[in-house]
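The structure is shown first, and the description follows.

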Amino acid sequence: MTIQKKVALLFLVLTISVILVLSGAVFYFVHQFTFDDFYKRLETRVNISSQIHHLNDRDSLGMYKEIRQRYLERLIDEKQYIIKPEVYTKGKTVKGVPRKLIDNILADGKSRFKANSVFYAGNIFRFPEGDAIIVVSATNPSGLNELNDLEQVLIISFLASILIVYIIGRRFSYHTFKPVRKIIKKVNTITASNLHLRLGDYSGNDEIAELTQTFNNMLDRLETAFETQNNFISNASHELRTPLAIIKGEAELTLKSLDKPGVDLHKNLTEILHGTQSLQDIITSLLGLAQSGFDGKKQNWEQIRADELTFMVKEAVDKIIPTNNLSIDFTSLPDDVDKLLTEGNINLLKLAISNICLNACKYSENKPVILKVYAENYSIIFSVKDQGIGIPAEDVQHIFEPFFRASNTGKYDGHGVGLPLALNIVRLHKGNIGIVSKEGEGTEIRVMLPIYRG
């Protein structure tokens, strides 16, 4: 069952429930008012009958009878009973008067009673000549007929209301979900080949507008992800093709030169070795870039001290570039050791900061590079500052894209994977990277990691 039908059905059920409650309340209160009014009319006749029974004065008696005949219409099947309590208590019954009514009058002094369609009202009166129970009975066909008519009207109205509410509910739900149907129809037309399409703008501040905006935001992310993937594959295939071409060319040249005297095969094999090493480096970088996107919960996380991590980075850089000019600056370390603690995978963080330091050493041509550690605004900051070639202003915004290399790095070896890998690792640790660079003067990259708060 669709949500539209569910809403229409729910609307129908709720409305029917309200109509039932209101109809029941109307019928109940009209029923109570009709019966209470008729009982009061009977009780009025009981009181007048008691006055007539009590009076011995012929003039007064005539006056009461005249008042009754003039102002009180005679009810249908109206009957009057005058019963002596002592006669009744001897076990005798009064024809036409229910025994339970007399019992109630003797117990409470007065009572109302209904048997089938006959209504009774009675009181016990104290007269000088002795007590008497006066009962007046009558039928109320007009009142009962009115209740029957009301009941029929309510039933017919209820059935008609069900039909009307059903029709209104269907139309209401149809128009309510019309924007949703448009969204579904539009989304079904969007595929991987036309991710540039977007849902039409929906004016308003309701949930439909929010849903439309959410879909468009999701499509923005999907389109960006697809473009990034396509660019990544294109760049990766290009980077892999270059060393493979070198290896293939040198291998073919070596095979052709095997039988030729005086050919320096050592040079050809060296080129093949360099191409193979380059290919291995690219594959290793690609694997690291892919693995850095794993969920942090799958890594071996632990508490890490920033100063100890810095020594590990220095040791890693020394192994790769023994002639480096990297120095560590601990002058701004916080006095509180707890501000040096962060949480994460120490091997991944070492890899990220080492890549940044290696880039600084490579592009500064052995000029001094400073790795500084300090704490600021609930973050541990690793600052890597060099005096190298810097980055052109128009290239800074692309520096973290996979395989991108600045326009002034042509004479330096590299694959454009180190900084994207570092950014992925830092973001995995809920940190961030900032960069400040000026071409010809140098670059400073800051890695910000959250302080461990326990």
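## Helix 5 and helix 6

The axes of helix 5 (residues 141-176) and helix 6 (residues 178-188) come within 4 Å and cross at roughly 45 degrees, which makes helix 5 oblique to helix 6. Angles under 35 degrees count as roughly parallel, over 145 as roughly antiparallel, 65 to 115 as roughly perpendicular and the rest as oblique. On the helix 5 side the contact (heavy atoms within 4.5 Å) involves Y174, H175 and T176, while helix 6 contributes K178, P179 and R181. Two of these residues are nonpolar, two polar and two charged, where Ala, Val, Leu, Ile, Met, Phe, Trp, Tyr, Cys and Pro count as nonpolar, Asp, Glu, Lys and Arg as charged, and the others, Gly among them, as polar.

The model is predicted, with local features requiring pLDDT of at least 70 and side-chain atom pairs counted only at pLDDT 80 or more, whereas totals for chains, interfaces and linings use all residues. Residues are numbered from 1 along each chain as its sequence is written, and side-chain values use heavy atoms, leaving out hydrogens and water.

Five strands form an open sheet in the order 6-8-9-11-10, with mixed pairing. Strand 6 (326-329) and strand 10 (432-438) are at the edges, each with a single partner strand, so one side of each has no neighbour in the sheet.

Strand 6 runs parallel to strand 8 (residues 369-376), joined by four bridges, and D329 stands opposite K372 in strand 8.

## Residue N123

N123, in strand 3 (residues 118-127), is buried (under 20% relative accessible area, with a 1.4 Å probe and protein chains only), its value being 16%.

Notes: Helix = DSSP H or I, 4+ residues; strand = E, 2+ residues; numbered from the N terminus. Buried < 20%, exposed > 50% of the residue type's maximum accessible area, 1.4 Å probe, protein only. Axes fitted to C-alpha atoms, helices over the stretch in contact; angles between N-to-C directions. Pairing = 2+ DSSP bridges.
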